[in-house]
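Below is a short report on one protein chain. Look over the sequence and the model before reading on.

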Amino acid sequence: MNEPEVVQLLKRYDNTLKTLFEFYVKLDTIEAYKSSETGVLSLPYKSFIRLVNQQRLTPGVVSKDEILIIYKLLMKNKVGKIGPLNFEEFIESLVRIAIKGKDKMNAEENKPQDKPKSILLFDMEGVTVNTLEELFKYMKLSPQISKRLFVKRLTELRSRGIRSEVQKRRQSASKEKNNIQENS
């Protein structure tokens, strides 16, 4: 991940990635918090999962099990239980998702892997500029988008997800009601 081209790409997307991170940190105001010692924004697990789902990273790019493994890998150096991600860990999670999911995103440099896929979860050297660009393209991220416009897009994406959940609940309740009426 220390390749100069990769570092350059991450710098180009820095504002967009920070906006994405901050948006999801602030979604769950009850769980979201700043560490009292450092004042650093932290992304709780629940918000991270919401981000992954709303950005269609699971199941589109990686499985839910792989997301959990990636998250636990990031937590292994922390003391105690699974906690929130700081910004650097969030970036590392995206890099790991890009590496693990590059076959699904149809990156140009896809070649048969010499290593089993499970090992790629631990191998940070597998990241290339193309792999990360494919992930950012999949997520519809742009380094040039204004913060205001990007937050608006994220809010709309979140609203669609909420509407979808409400519709599913209504359909489920309606089916349940119909079943009860049929059995009566």
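Among contacts between residues at least 6 apart in sequence, what percentage join residues at least 24 apart? The figure is 66%. The model is a predicted one.

**Overall make-up**

The protein has eight helices and two strands. Starting at the N terminus, the order of elements is α-α-β-β-α-α-α-α-α-α. Of the 184 residues, 39% are buried.

**The nonpolar core**

The largest nonpolar core holds 42 residues. Within it, Leu17, Leu20, Tyr24, Phe90 and Leu132 touch the most other members. Several helices supply at least two residues each, as the table shows.

| Helix | Residue range | Supply to the core |
|---|---|---|
| α1 | 4-12 | at least two residues |
| α2 | 14-27 | at least two residues |
| α3 | 45-54 | at least two residues |
| α4 | 64-75 | at least two residues |
| α5 | 87-101 | at least two residues |
| α7 | 129-138 | at least two residues |
| α8 | 147-183 | at least two residues |

The largest share, eight residues, comes from α5. In soluble globular proteins, nonpolar side chains tend to be buried together.

Residues up to four places away in sequence aside, Leu20 touches Leu51, Gln55, Phe90, Met139, Leu141, Phe150 and Leu154.

**Thr19 in α2**

Thr19 lies in helix α2. Is Thr19 buried or exposed? Thr19 counts as buried because its relative accessibility is 7%, and buried means under 20%. Beyond its neighbours within four places in sequence, Thr19 is in contact with Lys147, Phe150 and Val151.

Val6, Leu9 and Leu10 are buried in α1. Viewed down the axis of α1, the buried residues fall within an arc of 95°, so they line one face of the helix. The face turned away from that buried side carries the exposed residues Pro4, Gln8 and Lys11. The cover over the buried residues of α1 includes α2, α5 and α7.

**How α1 meets α7**

Two packed helices are described by the angle between their axes and the distance between the axes. For α1 and α7, the angle is about 25° and the axes are 9 Å apart. That angle makes α1 roughly parallel to α7, because angles under 35 degrees count as roughly parallel. On the α1 side, the contact is made by Glu5, Val6, Leu9, Leu10 and Arg12. On the α7 side, Val129, Leu132, Glu133 and Phe136 take part. The residues of this contact divide into six nonpolar, no polar and three charged.

Definitions and conventions
Residues are numbered from 1 along each chain as its sequence is written. This is a predicted model: local features need pLDDT of at least 70, side-chain atom pairs count only at pLDDT 80 or more; totals for chains, interfaces and linings use all residues. Side-chain values use heavy atoms; hydrogens and water are left out. A nonpolar core is a set of buried Ala, Val, Leu, Ile, Met, Phe, Trp, Tyr and Cys residues joined through side-chain atoms within 4.5 Å. Buried means under 20% relative accessible area, exposed over 50%, partly exposed in between (1.4 Å probe, protein chains only). Helices (H or I, at least four residues) and strands (E, at least two) are DSSP runs, numbered from the N terminus. Contact means heavy atoms within 4.5 Å. Axes are lines fitted to C-alpha atoms, for helices over the stretch in contact, and angles run from 0 to 180 degrees between N-to-C directions. Angles under 35 degrees count as roughly parallel, over 145 as roughly antiparallel, 65 to 115 as roughly perpendicular and the rest as oblique. Ala, Val, Leu, Ile, Met, Phe, Trp, Tyr, Cys and Pro count as nonpolar, Asp, Glu, Lys and Arg as charged, and the others, Gly among them, as polar. The arc is that of the directions from the helix axis to the C-beta atoms.
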